[in-house]
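Please read this report alongside the sequence and the structure. The headings mark the topics in turn.

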Amino acid sequence: MIDEEKNEVTVEALKQVIAEHADIEILVAGQQHLFREVNTQGNNQRLLLRKVLAPTLLAIVILGVIFGIYSQGTIPLSGDFSITTMTLAVAGGMGGLLFAIALVVNKRRQAPNLQQLVWRHIPTIIFSFWLILLIGLAAFLWLIGLSFEGASFDKVTATVIAALFAGFVNYVMLLAVGSINDEMLTNLLILVSVGGIVASMVTNSQRNWWQKNFSYLGTESAHNSWQFNVTLMVSALLLIALIDYLFVDLVKEAPQKVQLWILRIMLTMTAISLGAVGFFPNNGQGRLHELHNLAANWLVYWIILLILGIRWLLPRVTREFLTVSYGIAGTLLVANFLFQTIGYLSLTAFEIIAFFLAFSWILLLVQNIRKLHRRPRIVIEIAAQTPEA
């Protein structure tokens with residue numbers, strides 16, 4: 001960076017630093033000048049709108065043909081064949097496809113925000129975003145249907161309404177591609193995990209699932225058991241993708257390479273155990289039941305080992321995080337005592353407490369790892385010189 005013979009910073013060195021995703025702050029006589037790489041592809045609104053135009057026009061054509069062929073009169077806002085169902089099918093399908101194409105293209109072009117995302121996790125990212133899109137769009141359209149119950153429109157108006165939804169979805173999905181980073185992946189993990197599990201609880205509320213156990217939500221006796229199991233498996237894949245994303249540069253730059261590799265392997269095994277809990281549903285007393293319990297036990301073991309060893313595995317771990325970690329570990333031990341020894345807690349209550357405490361701790365751990373992954377800033381201060389000097 002610095003020419004030792006001339007004692008000056010070369011322009012080429014500054015360009016290289018910016019290319020490596022570091023912000024450069026130069027102070028000249030106390031005045032600040034900040035230089036940073038600009039991702040015009042992800043931030044240019046005009047470019048995004050141009051990309052949205054073609055698929056939106058295609059959506060108009062598809063919706064117009066469908067409404068024109070299969071409808072003889074007005075088209076209801078909600079129902080089996082309605083604006084809602086066609087919007088969900090066309091906008092949901094097209095938005096997911098557009099997101100997948102844009103993600104692959106940007107990855108091939110080595111977009112700055114995707115350089116640390118490995119190819120093997122692209123399908124997981126695509127499926128997760130598509131799943132969130134369908135759930136969010138379905139919930140929003142359901143609310144619209146409740147607000148305008150009994151409403152119906154002619155074919156042209158119905159096509160325009162559905163196309164507007166499709167255009168908005170396309171814009172949001174393209175915007176999401178340019179915004180993918182560790183923070184977004186973390187938020188996506190929270191949305192998929194919490195949203196999927198809560199939805200499973202709600203849909204099984206009339207079956208009194210809490211009288212059995214938490215794993216009942218993924219058994220063949222539960223309503224839409226696939227939802228619970230897929231949630232766990234997708235959450236596991238997202239966690240693995242997030243781990244890879246965060247550790248790509250950390251294992252290269254951090255001096256404690258061995259500890260970071262051990263932490264990475266342990267986190268990956270934790271994610272695999274989480275996914276196995278959903279992959280092997282707790283049906284009956286057969287082989288699946290044994291594999292389910294084995295995966296659940298290993299999930300607990302990995303969490304305990306991580307909490308106990310985090311002081312040595314994570315560089316620059318804070319005292320506050322250690323305190324919280326040991327507090328969660330103590331709470332888990334107390335909950336286990338109340339369940340196993342005196343029977344104060346039911347199996348369902350214990351499983352819910354243990355799962356959400358463990359999940360919360362993993363999110364805290366990810367936040368601490370992200371602190372090591374933040375974009376560096378290099379400060380160069382240039383003192384003002386007088387003509388006499």
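## Helices H10 and H12

In this predicted model, helices H10 and H12 cross in a left-handed manner. Helix H12 covers residues 347-372, and the axes of H10 and H12 come within 11 Å of each other, with a crossing angle of roughly 40°.

Which residues of H10 and H12 meet? From H10 the contact takes in Ile 303, Leu 306, Ile 307 and Ile 310, and from H12 it takes in Ala 358, Trp 361, Ile 362 and Leu 365. By class, this contact of H10 with H12 holds eight nonpolar residues, no polar ones and no charged ones.

## Helices H9 and H10

H10 also packs against H9: the axes of H9 and H10 come within 8 Å and cross at roughly 155°. Angles over 145 degrees count as roughly antiparallel, so H9 is roughly antiparallel to H10. The crossing of H9 and H10 is left-handed.

On the H9 side, the residues in contact include Leu 260, Leu 263, Met 266, Leu 267, Thr 270 and Val 277. On the H10 side, they include His 292, Ala 295, Leu 299, Trp 302, Ile 303, Leu 306 and Ile 310. The contact of H9 with H10 divides by class into 20 nonpolar, four polar and no charged residues.

Is His 292 buried or exposed? Its relative accessible area is 4%, and because buried means under 20%, His 292 counts as buried. This residue lies in helix H10.

Leaving aside residues up to four places away in sequence, His 292 touches Ser 215, Val 277, Phe 280, Pro 281 and Asn 282.

Side chains of opposite charge can pair when their charged atoms come close. How many salt bridges are counted here? The count comes to three.

One of them joins the side chains of Arg 120 and Asp 244, with N and O 2.5 Å apart. Arg 120 sits in the loop between helix H4 (83-108) and helix H5 (122-147), while Asp 244 sits in helix H8 (residues 225-253), so the pair ties together parts that are 124 residues apart in sequence. Arg 120 is exposed, at a relative accessible area of 56%, whereas Asp 244 is buried, at 5% relative accessibility.

Asp 244 forms another salt bridge with Arg 264, where the closest N and O atoms are 2.7 Å apart. This pair links distant parts of the chain, with Asp 244 in helix H8 and Arg 264 in helix H9 (residues 257-279), 20 residues apart. Both Asp 244 and Arg 264 are buried. Taken together, Arg 120, Asp 244 and Arg 264 are linked in a network of salt bridges.

Glu 290 is partly exposed, with a relative accessible area of 43%. Arg 287 is exposed, with a relative accessible area of 58%.

## Ile 144 in helix H5

Ile 144 is placed in helix H5. At 23% relative accessibility, Ile 144 counts as partly exposed. Ile 144 and Thr 84 are 60 residues apart in sequence, and their C-alpha atoms are 8.9 Å apart in space.

## The protein as a whole

The protein has 12 helices and seven strands. Of its 389 residues, 43% are buried. Among contacts with a separation of 6 or more, 70% are between residues 24 or more positions apart.

Definitions and conventions
Residues are numbered from 1 along each chain as its sequence is written. This is a predicted model: local features need pLDDT of at least 70, side-chain atom pairs count only at pLDDT 80 or more; totals for chains, interfaces and linings use all residues. Side-chain values use heavy atoms; hydrogens and water are left out. A salt bridge is a side-chain nitrogen of Lys or Arg within 4 Å of a carboxyl oxygen of Asp or Glu. Helices (H or I, at least four residues) and strands (E, at least two) are DSSP runs, numbered from the N terminus. Buried means under 20% relative accessible area, exposed over 50%, partly exposed in between (1.4 Å probe, protein chains only). Axes are lines fitted to C-alpha atoms, for helices over the stretch in contact, and angles run from 0 to 180 degrees between N-to-C directions. Angles under 35 degrees count as roughly parallel, over 145 as roughly antiparallel, 65 to 115 as roughly perpendicular and the rest as oblique. A crossing is left-handed if the near helix is turned anticlockwise from the far one by less than a right angle, and right-handed if clockwise. Contact means heavy atoms within 4.5 Å. Ala, Val, Leu, Ile, Met, Phe, Trp, Tyr, Cys and Pro count as nonpolar, Asp, Glu, Lys and Arg as charged, and the others, Gly among them, as polar.
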